[in-house]
Amino acid sequence: MESIWRESVFLPQFPQLRGDVSTDVLVIGGGMAGLLCAYQLQNVGVDCVVAERTRIASGVTGDTTAKLTSQHGLIYGKLAKKYGLEAAGQYLRANEDALSEYRTLCSGIRCDFSEQSHTVYSRQDVTVLEEELAVLSRLNYPAELVGNLPLPFESAGGIRFPHQAQFHPLKFLNGIVGDLTICENTPVLSLTKSGAVTKHGTIHAGAVIVCTHFPFLNKHGSYFLKLYQQRSYVLALENAPIPEGMYLDARENGLSLRSWGDTLLLGGGGHRTGKKGGGWAELEAFVRSHYPDAKIVSRWATQDCMSLDGLPYIGQYSASTPNLYVATGFNKWGMTTSMAAAQILTDLVRGRDNPYASLFSPSRSILHRQLGINALEATVNLLTPSRKRCPHLGCALKWNSQERSWDCPCHGSRFSEDGRLLDNPSTGDLPKK
């Protein structure tokens with residue numbers, strides 16, 4: 001099954017690149033982040049071309065749960081402890097600014113935009129909620145501790161953010177792509193000092209923004225060490241109680257809930273790509289136990305790039321690559337962060353200061369515990385004997401029986417049973433035997 005977003009909207013098609021073109025900025029990747037970058041740049045008079053390997057929104061953008069919120073788990077206490085209260089405040093303001101921009105744009109687009117509260121709940125531990133709320137209070141943010149949540153299980157309570165939102169991501173994109181210059185079925189083969197080479201022509205550009213989910217250039221930035229990927233799963237349910245607002249478990253890979261009309265979207269079952277996890281089976285068991293009268297009308301899975309420290313990488317691709325930029329590592333919050341990235345990169349490309357650029361800089365320290373875990377995972381899988389190996393960096397692929405795909409535990413590339421590329425950072429199919 002496809003996501004309810006894909007089933008309910010058909011996006012316009014765009015031609016393949018034919019011949020050489022010149023532009024101010026080339027955006028590589030036609031998902032939410034890339035298209036918003038192009039839209040924001042065009043609105044300030046910067047000529048822009050989007051190059052998409054297949055079809056726009058054919059990747060994770062069409063498989064999101066489409067929450068628009070500044071509440072990304074219990075992140076503010078973690079940021080304040082690791083980087084200080086000022087950094088936590090910058091993160092909050094960057095996402096609130098992004099939410100405000102969505103609110104403005106969606107007022108003119110029929111995209112099922114709906115203001116909702118968002119609540120991060122804890123099943124048993126109220127202490128973690130109180131600690132998070134204390135940081136938010138110091139940031140003067142009007143969050144509140146709430147109990148008696150309308151969920152089908154007991155909880156210790158939750159932290160509620162008011163005036164957050166949800167929407168239909170593909171209806172939204174339908175409203176912004178009409179005037180953009182987009183080249184579909186145009187994979188970028190290599191980058192040069194003056195732009196990018198594709199199979200059917202060269203795109204000459206003064207600046208390049210890489211929005212390919214997982215960056216595909218290994219030569220710069222060390223993203224193969226700084227990122228790993230996680231799978232997560234969604235069931236769309238009819239005849240299930242619809243709670244008011246949006247909800248997320250404070251625990252990693254806990255349950256997420258939001259509505260779309262009379263349909264309940266239940267997310268969870270997550271795990272590192274290439275590893276075993278609960279998947280749809282975990283969600284189905286929950287439905288049988290808590291929503292016995294519900295009917296599953298759609299199911300889908302998505303993949304998220306996870307950074308070393310919980311902050312996205314937005315800015316110059318590496319310290320040694322002027323005029324080359326990146327947006328990645330959105331840590332499961334791609335919709336809101338895509339807008340934040342577009343606002344930051346629009347300033348940077350134009351040579352303007354942005355108050356949040358330093359916080360999200362890809363050149364910040366990589367000395368975090370997750371770096372060791374990523375390096376160990378890569379080493380183990382590079383040394384694992386296997387006939388199926390990922391063409392990205394040679395790691396052993398693992399068979400995913402739930403989704404019938406070959407998955408890479410190192411960096412998250414995925415391939416269909418017959419070897420067709422499903423998810424990057426690999427740039428091509430598995431070699432034919």
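The text below treats the fold as a whole, then the aromatic pairs.

The model is predicted. Its protein chain contains eleven helices and 21 strands. The radius of gyration is 21 Å, close to the 22 Å given by the globule rule for 433 residues, so the chain is as compact as a globular protein of that length. Along the principal axes, the C-alpha atoms fill a box of roughly 60 × 50 × 45 Å.

Of the 433 residues, 57% are buried. Among contacts between residues at least 6 apart in sequence, 72% join residues at least 24 apart. The accessible surface comes to about 18200 Å², with 49% belonging to carbon and sulfur atoms.

Two of them are set out here.

| Pair | Centre to centre | Angle between planes | Class |
|---|---|---|---|
| Tyrosine 102 and phenylalanine 167 | 5.4 Å | 70° | edge-to-face |
| Tyrosine 121 and phenylalanine 153 | 5.5 Å | 45° | tilted |

Tyrosine 102 lies in helix α4 (residues 85–106) and phenylalanine 167 in the loop between β6 (157–166) and α6 (169–176), 65 residues apart, so this pair links distant parts of the chain. Both tyrosine 102 and phenylalanine 167 are buried.

The other pair also links distant parts of the chain: tyrosine 121 is in strand β4 (residues 114–122), and phenylalanine 153 is in the loop between β5 (144–146) and β6, 32 residues apart. Tyrosine 121 has 0% relative accessibility and counts as buried; phenylalanine 153, with a relative accessible area of 11%, is buried too.

Finally, one aromatic cluster is formed by Tyr76, Tyr91, Tyr141, Phe161 and Phe360.

How values were computed:
Residues numbered from 1 in each chain as written. Predicted model: local features only at pLDDT ≥ 70, side-chain atom pairs only at ≥ 80, totals over all residues. Heavy atoms only, no water. Helix = DSSP H or I, 4+ residues; strand = E, 2+ residues; numbered from the N terminus. Rg over C-alpha atoms; globule rule 2.2 N^0.38 Å. Buried < 20%, exposed > 50% of the residue type's maximum accessible area, 1.4 Å probe, protein only. Contact = heavy atoms within 4.5 Å. Areas by Shrake-Rupley, 256 points an atom, 1.4 Å probe, with all protein chains shown as cover. Phe/Tyr/Trp six-rings, centres within 6.5 Å; stacked < 30°, edge-to-face > 60°.
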